[in-house]
Amino acid sequence: MRFFPFLLALFLVWNLALEGAYAEMVCSDCRQPISGTFVRMGREAFHPQHFACAACDRAISGNYVPHQGKPYHAACYAERFGERCGTCSRPISGKFIKHEGQSYHTACFQANVAPKCDVCGAGMVGRYLIDPLGNRYHSEHRIPLCTYCRRVVSPNTSKGGYTYADGRSVCGLCYPQVIRSDRDAIAAVEEVRAKLADWGLDVPQNAAPLKLVDLTTLKQLMRRGGLHGQNVQGFTSVLSETRGGQLTRREIAVYVLNGMPREDFMGTVAHELTHVWINLNASKKLHPSLEEGACNYVRSLLHSESGSADAERNLKAMQDDPDEHYGRGYRRAKAYADRNGLPALLTLMRRGSAFPLGY
Ligand SMILES: [Zn+2]
Ligand SMILES: [Zn+2]
Ligand SMILES: [Zn+2]
Ligand SMILES: [Zn+2]
Ligand SMILES: [Zn+2]
Ligand SMILES: [Zn+2]
């Protein structure tokens, strides 16, 4: 679709005075000789009152449009020969829009042809935005996407939404799934802990306190630990004291982002509890690709069992993650477990420190 200005070659009527060279002229309209002033068009001459529009037959003064040897008022020309609007079929003058070979008044295009904005319902001319769920909307709305499902947040697209004090936006479709009470959070954590135990990852309840924090606090904690992350959802901190090469004290704490939808919360807990398990069971420091990859692999087991739309979204995010450790590491851990089984992956983490050749 393109904007075009409406352009016409307009000619101005000149009333010329008769001079010697034109002495024998006759009017092309009435065929009577011309004396005094006349109008010239190409080789023809007219009495000014006989220089008439070929469409409406009224005399032309001022501008005209020549067409196949005949003059027309600009408006009469547009009416008879000009472009017509593809929806109202009235002639087009001024600015118009060309779309798939058809011309439209800007207003007609906007009302009848242009794609409708999913946020405000009005037609969209020119560039627009599209969210990962396929909602199309005017770029000038400047509204956020849901931090979780990535929908554009508005009454029409997501039943509205909420903005947290830490800057996150949660849409009205995700919000009912958000874990809001400590009781629900504790129950969800115990559910994850039981699943991990079933899979061979025992994480005793007293191994690490788990705290819910907002995004601002989580980022501060990570920065203090020298870590950075894009979409941080959780963080496991480990404080170790050694004396003479012997471990004398170890404090593990798990921080999980509050206000997340249940599936995202449980996935994050699964990831962080796997870190705790690694800290309790690994004999060597693991390469971050193996550690983060395995934590995300355990997380993926939980999402695969759940099978909800939120779980699918979480799985896809990990599958598509370009990050060396969280994304590629996850795909390597999955390949290793798919071929050798989960117990072999756990043994690798207990005794080894990195993926063997071939993964
Ligand atoms: Zn005449
Ligand atoms: Zn006319
Ligand atoms: Zn129109
Ligand atoms: Zn709009
Ligand atoms: Zn959402
Ligand atoms: Zn991690």
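The model is a predicted one, in which local features need pLDDT of at least 70 and side-chain atom pairs count only at pLDDT 80 or more, while totals for chains, interfaces and linings use all residues. Residues are numbered from 1 along each chain as its sequence is written, and chains are lettered from A and ligands numbered from 1 in the order in which they are written. Helices (H or I, at least four residues) and strands (E, at least two) are DSSP runs, numbered from the N terminus.

Of the 19 residues in α7, 14 are buried, so the helix is mostly covered. Here a residue is buried if 20 or more other C-beta atoms lie within 10 Å of its own, exposed if 12 or fewer, and partly exposed in between, with C-beta atoms placed from the backbone. Just after α7 comes G307, with a positive phi of about 70 degrees.

Attention now turns to the core. A nonpolar core is a set of buried Ala, Val, Leu, Ile, Met, Phe, Trp, Tyr and Cys residues joined through C-beta atoms within 7 Å. The largest one has 40 residues, and the members that touch the most others are V192, V269, A270, L273, A294, L345 and M349. Two or more residues come from each of α4 (182–198), β16 (246–257), α6 (262–281), α7, α9 (324–340) and α10 (342–351). Helix α6 gives the largest share, 8 residues. As for A294, its contacts (C-beta atoms, placed from the backbone, within 7 Å) are T274, A333, L345 and M349, leaving aside residues up to four places away in sequence.

Next come the helix pairs. Axes are lines fitted to C-alpha atoms, for helices over the stretch in contact, and angles run from 0 to 180 degrees between N-to-C directions. Angles under 35 degrees count as roughly parallel, over 145 as roughly antiparallel, 65 to 115 as roughly perpendicular and the rest as oblique. Helix α7 packs on α8 (residues 309–320) at an angle of about 150 degrees, and the two axes are 8 Å apart. The pair is therefore roughly antiparallel. Their crossing is left-handed, a term for a near helix turned anticlockwise from the far one by less than a right angle, with right-handed used if clockwise. On the α7 side the contact involves N296, S300, H303, S304 and S306, and on the α8 side A311, N314, L315 and M318.

Helix α8 also meets α6. The axes of these two helices come within 9 Å and cross at roughly 45 degrees, which means that α6 is oblique to α8. This crossing of α6 and α8 is right-handed. Residues E263, D264 and G267 of α6 meet D310, A311 and N314 of α8. In the pair formed by α9 and α10, the axes come within 7 Å and cross at roughly 125 degrees, so α9 is oblique to α10. The residues that meet are A333, Y336, A337 and N340 in α9 and L342, A344 and L345 in α10.

Some individual residues complete the picture. R313 belongs to helix α8 and counts as partly exposed because it has 17 C-beta neighbours inside 10 Å. Although R313 and C149 are 164 residues apart in sequence, their C-alpha atoms are 7.5 Å apart in space. N156, in helix α3 (residues 155–158), has 14 C-beta neighbours inside 10 Å and so is partly exposed. N156 touches D118 and V119, not counting residues up to four places away in sequence, and its C-alpha atom is 8.9 Å from that of G121, 35 residues apart in sequence.

Two loop residues other than glycine have a positive phi. R31, in the loop between β3 (15–17) and β4 (37–41), has a phi of about 65 degrees; R31 is exposed, with 8 other C-beta atoms within 10 Å. D57, in the loop between β5 (44–46) and β6 (63–67), has a phi near 70 degrees. D57 counts as exposed because it has 8 C-beta neighbours inside 10 Å.

Notes: Two residues are in contact if their C-beta atoms, placed from the backbone, lie within 7 Å.
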